[in-house]
Amino acid sequence: MKRKQVLTAVVTSLFITTACTLEKEIQEEINAPVALQLSSRIKASTRSNTQSTSITEGQTVYAWADKTTGDPHIKAWTLRAKGDNTFTGSARYFPQSGEALNIYALHGHFGTDMREDITDFPASGLIHTVSADQTTTVEYAKSDLLYAAEKSVARTGASGGTKRLVLNFYHFLSKVEIALKAGTGLTRNDLNGATVTLMNTKLKADFRPEQDNEISDGTARAAMVRPAATENTPEPILIPAKVIPGADYAEAVIVPQTIGDAGEIPFIKVNLASGRELYYKINNKTFESGKKYIFNITVNLPGLEVTSGIEDWADGGTTSGDAEADENEIVVRED
C-alpha cells in the first residue's frame, strides 16, 4: 500500500513538473520577439514616371513608432530603399508587452540631422529643400517629400517571427511635367541640346507632419506644408528637356506656392541650342500639394504654343491660364 502511494506521488510530481514546463514554454513562445518589417507603396499616377509607385533605390526613409499609450518605442529608424518597395536597415521589434504601435515614416531632403535611435519625431516644422538641378533621377527623387502614417498596428503573426507592414506614402509637394514638340519653323533636330528651366519658384518647404491628422485626406495633407517663411528667395530649377514623340515627360518637384502673384512673370524658359530663349508666363497661379501640372509645349518660331492640364498624382482634373508676349515679342499662347 505504501509503495502505491509513493508511485502515485512520483507520477503526480512528474505531471505537475511537465505541465509547468509546458506552460513556461508556451508563455516564452507568446513573449518571443516579433520583428517589424516595413515596405512602401505609393499610389500609381495616371502616367508612368519617377517615384510614382515605389521609392527610388538608395533614397533614405526615417521611421518612428510610438506605443498606443503615447510612449516612444522606435526613434529615427534609418531605412534605405531598394527600389522594389522594400528597405534595408537594422532589425526592430514590437514591445514584448504586446502593445500595438503607431508608425510614422518620412522621406525628404531635410536640414535636420536625423540620428538613429536618438532623434525624436519632429514636434515642430521641418525644412525640406527641393534641388535646383533636377536633371537626374537622384536629385528629383531627393526633392520628393513623402510621408506615411499607420495607426494601431497590432503585434500579430507567429511569435518569434515577423510582422510585415506596407506603409502608404503620399506626395506632399507639387509636380510639374513638361514635354517639347517641334512646331512651325523648326524640326525635331532643332530641339536637340535645348534646356528647360522653371523660373521664380521657392525651393524650401516648411513641413509639419502632424501625428493626429488623417493623412488620407488631401486637405489635411495640404495643411501640413507651406513655403518656408525665411531665406526662401525664388530661384530657378533646371530640368531635363524631353522631346515628343519618343520621350516621356520631363519632371520636377516644386514647393506648393502661388507664382506670379505680383503680376505676370516667366515660369518656363526654353533655351534653344541656337541661343534663342522662349518664355511661358503665368499670373497668380497656385500650385497645390499633391497635384501634377502638365505642360505640352509646341516650340514655334517666333514663339511657344502651350497646352496645360492639372491632375492629382492619383486622380485628376484640368485647369488653364493666360499668357502673352514677353519683352522680346516672343508670343506664348495657352489653349
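Quick housekeeping. Residues are numbered from 1 along each chain as its sequence is written, and side-chain values use heavy atoms, with hydrogens and water left out. Because the model is predicted, local features need pLDDT of at least 70 and side-chain atom pairs count only at pLDDT 80 or more, while totals for chains, interfaces and linings use all residues.

Okay, the sheet. Strands here are DSSP runs of E, at least two residues, numbered from the N terminus, and two of them pair if DSSP finds at least two bridges between them.

Now E10, residues 195–201, and E16, residues 265–271: they pair over 4 bridges, antiparallel. Who does Thr195 bridge to in E16? That's Asn271.

On to the second largest pocket, which holds about 250 Å³ of space. A pocket is an open set of points on a 1 Å grid over the protein atoms alone, probed at 1.4 Å, with protein on both sides within 12 Å along at least five of seven lines; lining residues have an atom within 4 Å of a point. The volume is the space filled by probe spheres set on the points.

There are 19 lining residues, and the closest to the centre are Leu36, Gln37, Leu38, Trp77 and Phe87. E1 gives the largest share, 5 residues.
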